[in-house]
Structures are given as C-alpha cells and as structure tokens.
Amino acid sequence: GLIVAMGVFAFAPVRRRFFELFYYAHLAAAYFSIPVVLMHASAGWQYMLPGLTVWFVDQLMRLSRGGRTVEIVRVEACGNSATVIEFRCRGMSAAPGQYVFLCIPELSLFEWHPFTLSTSLENHLEGVFSVHVKSMGPG
C-alpha cells in the first residue's frame, strides 16, 4: 500500500498539487522500511549507517539555522511569471550555487521550499541575498 501511494504521489501533476502528501509518504516509507531491513538483515545497519548519519546531521543543521529571522529588503514582480525576493539575514554567508529553504508564514507555517540563491556580487557584499520565484500556475 505504501509503495503504491509513493508511486501515485510521484506523478508530476499529483506531486505539484499535493507535495506534502508526496513528501510525507516518502518519510513514512523510510520510517517503516528501516526496521524491516534491520529485522531481515542483521548487517543491514552497516549499509544504512552512513546515509542515516548524513541525513541526521543535515536535519540538525536545518533545525539550528531554521529559526533565523530575516529582514525583507525588496519584493518585486518580474513580469507575469516570476518574483524576486531580496532579504538580509545576519550571520549568513553563501557561495554561488547554494540554496536556502524559505517559509512564508502568511501562506503556511509548515511549508519550506528550496530556492537557489541568485544574489549579485554587489548585493552579496552588502549582505543582501535574493531568490527568484517562478510562478508554477494554479495548484
């Protein structure tokens, strides 16, 4: 049942409209499969430990950094299909190609979405970071 649910939620139209169901179905599959693997393969933990360690460290880093308050510098529509959001976050540094998870509490307290930083060198030196958000249409 859980594998079928993961497959259904992986279809692009379903995933775009119900991303949280897609995400939580995958988390549930991981939580259920780990004990099953450990029950059926005594050495399974040796294969799972490196990946779970990286995942756990990543979760701890997200938790420690997730409570930062940001100052919104500018929000501007770029045509009909994109919006640029510029923000300042004390103590934040970034390099080209990095991404941030953004939450807009006015829309949802629990939805965090990854966005690639699109900061110019000029803004980066001033401590201002930016992301471009493309409209995905309704749903």
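This is a predicted model: local features need pLDDT of at least 70, side-chain atom pairs count only at pLDDT 80 or more; totals for chains, interfaces and linings use all residues.

Two or more lining residues come from each of helix 2 (12-17), helix 3, strand 2, strand 4 and strand 5 (128-134). Residues are numbered from 1 along each chain as its sequence is written. Local features need pLDDT of at least 70 and side-chain atom pairs count only at pLDDT 80 or more, while totals for chains, interfaces and linings use all residues, and side-chain values use heavy atoms, with hydrogens and water left out.

A pocket here is an open set of points, on a 1 Å grid over the protein atoms alone, where a 1.4 Å probe fits, with protein on both sides within 12 Å along at least five of seven lines, and lining residues have an atom within 4 Å of a point. Points are joined across faces, edges and corners, and a volume is the space filled by probe spheres set on them. Helices (H or I, at least four residues) and strands (E, at least two) are DSSP runs, numbered from the N terminus.

The largest pocket has a volume of about 1,600 Å³, and among its 39 lining residues Arg62, Val100, Phe101, Leu102 and Trp112 lie nearest the centre. Helix 4 gives the largest share of that lining, eight residues.

Helix 3 (19-40) and helix 4 (44-65) both supply at least two residues to the lining of the largest pocket. These two helices pack at an angle of about 150°, with their axes 10 Å apart, where axes are lines fitted to C-alpha atoms over the stretch in contact and angles run from 0 to 180 degrees between N-to-C directions. Helix 3 and helix 4 are therefore roughly antiparallel to each other, a term for angles over 145 degrees. Tyr31, Ile34, Val37 and Leu38 of helix 3 make the contact (heavy atoms within 4.5 Å) with Gly44, Trp45, Met48, Leu52 and Trp55 of helix 4.

Helix 1 (residues 2-10) and helix 3 have axes that come within 9 Å and cross at roughly 150°, which makes helix 1 roughly antiparallel to helix 3.

Technical notes. Angles under 35 degrees count as roughly parallel, over 145 as roughly antiparallel, 65 to 115 as roughly perpendicular and the rest as oblique.
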